Amino acid sequence: MTSLRTRERLVQRLVEQGIRDQRVLEVMRTTPRHLFLDEAMAHRAYEDTALPIGYQQTLSQPYIVARMTELLLAAGPRQQVLEIGTGSGYQTAVLAQLVDQVYSVERIKPLLDKARARMRQLKLRNTQLRHSDGALGWADKGPFDGILSAAAPEQIPADLLEQLAPGGRLVIPVGGESQQLQVVTRDVDGFSTEIIEAVRFVPLRSGTVR
Ligand code: SAH
């Protein structure tokens, strides 16, 4: 079966799971998820499941990529988006097709290098990737009108809240053993938090790995 056919099936499943944003569905229909996996895993690319990418990390489940992207875009288009935890770069590639500019940080250097090569291969030129600790955000490039984290802190790092522009949205899993997906919105008089659903992400770890 062609990967387009299997991707169409995947999108059908996302619709059944409640994903409604047509732009998100269209981008996931066309983005080759198999290119974000090592060869041995590529045949499983269109299963709706998280998959190993090495270094004890995983490419997020398609449903959660779709859901987080939908939540990020729910209050209107986003220009400057920061992603924490580039991993394979799949979420980065999805975002790059929906917002003006994506900045993405990853603490594990070999993962970042592979993701960077994939951005080049797919000619996604509105992405900038950096090897650093995402708990610190990316102050030079901020403020951001969207921040999305693929790793879960016990508590939301203050730097991420500080780098959120007025009207900006932060989509992030929070917790340890039990985690919740949260959307934090910055408005004129502070922050408001919406709890979305229970999730399971890798922990946000401090420091970087060469
Ligand atoms: N969006 C990625 C998900 C990768 S899993 C994908 O679809 O492939 C989460 C990633 O967050 C891992 O690669 C992990 O190394 C990274 N991570 C964890 N803590 C981090 C931190 N403090 N700064 C940057 N990246 C971090």
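Biologist: Let me start with a helix: which strands does helix α6 lie across?

Modeller: Keep in mind that this is a predicted model. Helix α6, residues 109-121, lies across β4 (101-106) and β5. Its direction is at about 165 degrees to that of β5.

Biologist: What is the strand order of the open sheet?

Modeller: The general idea comes first: strands in a sheet pair through backbone hydrogen bonds, and the pairing is either parallel or antiparallel. Here, 7 strands form an open sheet in the order β5-β4-β3-β6-β8-β9-β10, and the pairing is mixed. At the edges you find β5 (127-131) and β10 (190-199), each of which pairs on one side only. From one strand to the next, the twist averages 15 degrees.

Biologist: Do β8 and β9 run parallel or antiparallel, and how many bridges join them?

Modeller: Strands β8 (residues 164-175) and β9 (residues 179-187) are antiparallel, with 7 bridges joining them.

Biologist: Now the ligand. Which residues are closest to it?

Modeller: The ligand is surrounded by 25 residues, the closest being Ser88, Glu106, Asp133, Gly134 and Arg205. With Arg205, a backbone N or O atom is 2.6 Å from a ligand nitrogen.

Biologist: How much of the ligand's exposed area does the protein bury?

Modeller: Taken alone, the ligand exposes 570 Å², and the protein buries 99% of that.

Terms used: Residues are numbered from 1 along each chain as its sequence is written. This is a predicted model: local features need pLDDT of at least 70, side-chain atom pairs count only at pLDDT 80 or more; totals for chains, interfaces and linings use all residues. Side-chain values use heavy atoms; hydrogens and water are left out. Two strands pair if DSSP finds at least two bridges between them. Helices (H or I, at least four residues) and strands (E, at least two) are DSSP runs, numbered from the N terminus. Axes are lines fitted to C-alpha atoms, for helices over the stretch in contact, and angles run from 0 to 180 degrees between N-to-C directions. Contact means heavy atoms within 4.5 Å. A residue is near a molecule or strand if one of its heavy atoms lies within 4 Å of it. A polar contact is a pair of N or O atoms within 3.5 Å; within protein, one must be able to donate a hydrogen and the other to accept it, and residues adjacent in sequence count only if both atoms are side-chain atoms. Accessible areas come from the Shrake-Rupley method with a 1.4 Å probe; for residues, only the protein chains shown count as cover.
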